[in-house]
Amino acid sequence: MAQSSAEALEAQESFEVHKEKVDLLHSKAVGLLGVLFLTVTGAAPMSAMLGNVPFGAGFGNGIYIPAAFLLATIVLTIFSVGYAAMAQKVSSVGGFYSYISLGLGRDMGMAAGMASFISYSVFEASLCGLFAYFGNAWVQTHLGYNIPWIWFAVFMIALISLLAYRDVQLSAKVLGVALILEVIMLLIFDAGAIASSTSKFNLEALNVLHVNTPVAAQKVGDVDIAAGAAAVGIFMAFWSWVGFEMAPNYAEESRDPKHIIPRSLYYSVIGLGLFYIFTSWCAISAYPTEGDMLVKAVKDSGNFFLTPIGQNVGSWAEELMSILILTSSFACGMAFHNTAARYAYSLGREGVFLRFLGKTHPTFKSPYTASLTQSVLALIWVGLFAYFLGTDDPNAQAYVAIYTMLAILGTMLLLILQAFVSIAIIVYFRQNHPGEVGIIPGLIAPVIAFVSQVYLVYLLVVNLETFGGSGSFGSNIPAIALAIIVWGFIWGVVLRFTAPQIHAKIGRLVFNE
């Protein structure tokens, strides 16, 4: 009898969350703008531009970095076609976890759930490293104190934990202010570059057909520029969108998820794309010659944006931008924290992993136990690096080790998940809702997206050393990512045999109100 009951549950496509005995999130708490603030801050325009453009230009494809952003805009818009179609059909805080479970089965869903949670968990810790690096530099420059970077990271984790503990509306407001300030500052940079008489704009930089042109080995004055790898520039462009895909995780807290979530995906992908293309073009054009730009990108990347804005706009703008990179990294880390907490909450409320994670606050309706757990995990990730590497070198320890290496691990997991979800979309609509979507969102767009994501994973693996992944942790990132996915899959198989009624609900709780 128990077996037949489990089989009946397995046969169900999904389960209505309001009919289950689970704690619910704050329904109808945020509108379209709120979802955009909660997700686009994960992409962190300021951090993406100041961090990714100089690296992509100096070690990748040089003046063609804007073309790389154009390519990424096209590919991610295609990915969003199928992804948005899935979001119109399925509303769930589980995001990738739910979509992959519905399309590729519960065991693959379990693998996706674990990988998603860990991906966003390490993303928060990664941004703590960036915040700590810039925080240490700012205090040392302006106040003369060399405070160990670990204390900046701990401060960021503690403040994020306090804010995320409360209602999602507070997070949306905080992140909204940070995002608006970032965008205004970058637009001021763009205006300064356009107005400068020394800027050299060239439409060739937007030629997507030449995006695979690497930086040539050359000597600029006394500086030797090594040959670049075009793939690095392409990957850095795609990396800049990490965060936009979090929109479905707020479906249960949005006012009209079937319309708001798909719209937010398109608005964020295309809006960020146009902004990134233009700002990266202004950045490389702010230098009199390509050689000058490459020297700055390779030898002084931290000031790649700061020096031009200081010259073209004024020292006040340079100073303000150096502060806003701190708020940008903080807001980005907070956005990732919120998503990690919602993946943990989704796993907990379904009983597939640590049930206490599935509780919501009686007043704020926030996933507070999952949020606090994520804060502890962020402290652990940062603490482990501090313990093994020390806290006396912000560049090597906070920036290169924590920020770069953890970001690469999280990005690799995310790209694999996006490849999986592309296939899941095809299978889901063919098996469960044939004929309800056209051939473009139901097949063509997901296939193109799948091929693109797999190619990006390949680029990341073959260029791992270029990104700094030559140490004991960095060189093992592909193996670590694979181990996380395999562990999640095995956990799903174990549940299939030991707890079939729980297994039946892996990634299947949906919100239909």
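**Figure 1. Helix H9 passes helix H16 in a left-handed crossing.** A crossing is left-handed if the near helix is turned anticlockwise from the far one by less than a right angle, and right-handed if clockwise. This is a predicted model, in which local features need pLDDT of at least 70 and side-chain atom pairs count only at pLDDT 80 or more, whereas totals for chains, interfaces and linings use all residues. Residues are numbered from 1 along each chain as its sequence is written, and side-chain values use heavy atoms, with hydrogens and water left out. Helices are DSSP runs (H or I, at least four residues), numbered from the N terminus. H9 (residues 230-239) and H16 (residues 439-462) pack at an angle of about 125°, and their axes lie 10 Å apart. Axes are lines fitted to C-alpha atoms, for helices over the stretch in contact, with angles from 0 to 180 degrees between N-to-C directions. The two helices H9 and H16 are therefore oblique to each other (under 35 degrees counts as roughly parallel, over 145 as roughly antiparallel, 65 to 115 as roughly perpendicular and the rest as oblique). From H9, Ala231, Ile234, Phe235 and Phe238 meet Leu456, Leu459 and Leu460 of H16, where contact means heavy atoms within 4.5 Å. The residues of this contact of H9 with H16 comprise seven nonpolar, no polar and no charged (Ala, Val, Leu, Ile, Met, Phe, Trp, Tyr, Cys and Pro count as nonpolar, Asp, Glu, Lys and Arg as charged, and the others, Gly among them, as polar).

**Figure 2. Helices H4 and H15 form a left-handed crossing.** H4 (residues 65-89) packs against H15 at an angle of about 55°, with the axes 10 Å apart; H4 and H15 are therefore oblique to each other. Phe79, Gly82, Tyr83, Ala85, Met86 and Lys89 in H4 meet Gln418, Val421, Ser422, Ile425, Tyr428 and Phe429 in H15. By class, this contact of H4 with H15 holds eight nonpolar, three polar and one charged residues.

**Figure 3. The largest nonpolar core has 176 residues.** Such a core is a set of buried Ala, Val, Leu, Ile, Met, Phe, Trp, Tyr and Cys residues joined through side-chain atoms within 4.5 Å. Those with the most contacts inside the core are Phe69, Tyr120, Trp241, Tyr276, Phe305, Met321 and Val382. Helix H15 (residues 394-432) gives the most to this core, with 20 residues. Not counting residues up to four places away in sequence, Tyr276 touches Ala43, Ala44, Pro45, Ala48, Met49, Phe69, Ser240 and Trp241.

**Figure 4. Ser240 is found in the loop between H9 and H10.** Ser240 counts as buried at 1% relative accessibility (buried means under 20% relative accessible area, exposed over 50%, partly exposed in between; 1.4 Å probe, protein chains only). With residues up to four places away in sequence not counted, Ser240 touches Ala43, Ala48, Asn52, Phe69 and Tyr276.

**Figure 5. Helix H10 (residues 257-285) contains Thr279, and Leu274 also lies in H10.** Thr279 is buried, with a relative accessible area of 0%, whereas Leu274 is exposed, at 56%. Thr279 touches Met49, Leu186, Phe189, Asp190 and Phe305, not counting residues up to four places away in sequence. The C-alpha atoms of Leu274 and Leu70 are separated by 7.9 Å, although these residues are 204 residues apart along the chain.
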